[in-house]
Amino acid sequence: MKLLLFPSLVALLFQGSANACTGFAGVHDHFLPINGTFAANNQISLNSDGYGVSHFGSGAYMITDGAYQTFVVVSTEGVVVVDAPPTTGHKIQWAIGNLTSIPVRWFIYSHSHSDHAGGAYIFANQSHPQVTTISHENTASQLATAKDPHRPVPQITFNDRYNLVAGNQTLELSFPGIGHDLGNIIIYAPKQRVLMMVDQIYAGWVPFWNLAASLYVPGWIQAHDQLLAYDFDVYLGGHMGGPANRTAVEVQREYVQDLFDNCADALLESGSPENPTVDIGTISKEVLENNPSNIWAQFAVYLDAVADLCYNKTSEKWLGKLAAQDIFGFSHARTMVSSLRLDYDILGPNGVQ
Ligand SMILES: [Zn+2]
């Protein structure tokens, strides 16, 4: 669609780099291979029933369908389940049944999104025994608005912290603030030293597009440090195969910091005619010549040129290290540029005159 609306944009963007991934990713496109990136170390094999299980000791498990993760803790009083991605769905019940005869008694929503919680009803509607459902209060508000029978409104909600004591197990739930979602919580199993925060860290990969589709980018960035304040060995991000570790969190924090710095530099550079590929004056003149009075065209080309410079700089270090920088890296640069302008007051040539 962009090609039709803004023909001059394409020429500008492709001056940047042959690696710039700024268009529609077609089915016949070839992307950089996973082998050789950090992601290659994090694969998990699935059994013939289509799921994989990791055991962290003391009754803590991760169940995955290869793309999504569910955290399961078996206690003397019942099983605790965190998230039920619809793609794993009833396989979670089957997998738990193969681990223990103890019934599920608690279900925790990590956050509201249906790709992680769309199978919640499988547990929430269980009658023998009944299951207690828990979430952050913002998640409960979102689910009340959604009226989705697959994601029933939870019975127990909290704002800051909630300790779930289930038989011989404890899970510490806490809310670090709005980031990826309005009520995305940290789940910590202190005995097993397992830490979970969904859609925050993508071990070995760059995040899902637009900085994990986060509602509030500064909160999502800050969560990296909030996670590293915990004492943990295993990290579960809800995605991307096997369990991760502390290093994965540190690596993504470094990537995001680089992206932040490179995008800030690009915004500052965009006020100087010395770099005509991002200079707002040079770009505006050319776009308005082709599209008289079209201010949105002028601004769209300018912002994407800034994002492209940031993307290319970030790729120099990270392409081939974190998987999918070639796929989602440009979307991250674009989202970061927007957040720097609106949330951090780094406006470059559009600052106070
Ligand atoms: Zn999400």
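Biologist: What is the mean pLDDT of the chain?

Modeller: The mean pLDDT is 92, and 93% of the residues reach 70 or more; pLDDT is the predictor's confidence in each residue, from 0 to 100. Over residues 1-21 the pLDDT is below 50, and beyond near neighbours in sequence this stretch has 37 contacts in the model, a contact being two residues whose C-beta atoms, placed from the backbone, lie within 7 Å. This is a predicted model, in which local features need pLDDT of at least 70, side-chain atom pairs count only at pLDDT 80 or more, and totals for chains, interfaces and linings use all residues. Residues are numbered from 1 along each chain as its sequence is written.

Biologist: Why is Asp-83 called buried?

Modeller: Asp-83 has 29 other C-beta atoms within 10 Å. A residue is buried if 20 or more other C-beta atoms lie within 10 Å of its own, exposed if 12 or fewer, and partly exposed in between, with C-beta atoms placed from the backbone. Asp-83 is therefore buried. Its phi is near 75 degrees, a positive value in a residue other than glycine.

Biologist: What makes Asn-210 partly exposed?

Modeller: Asn-210 has 15 other C-beta atoms within 10 Å, so it is partly exposed. Asn-210 also has a positive phi of about 50 degrees although it is not a glycine.
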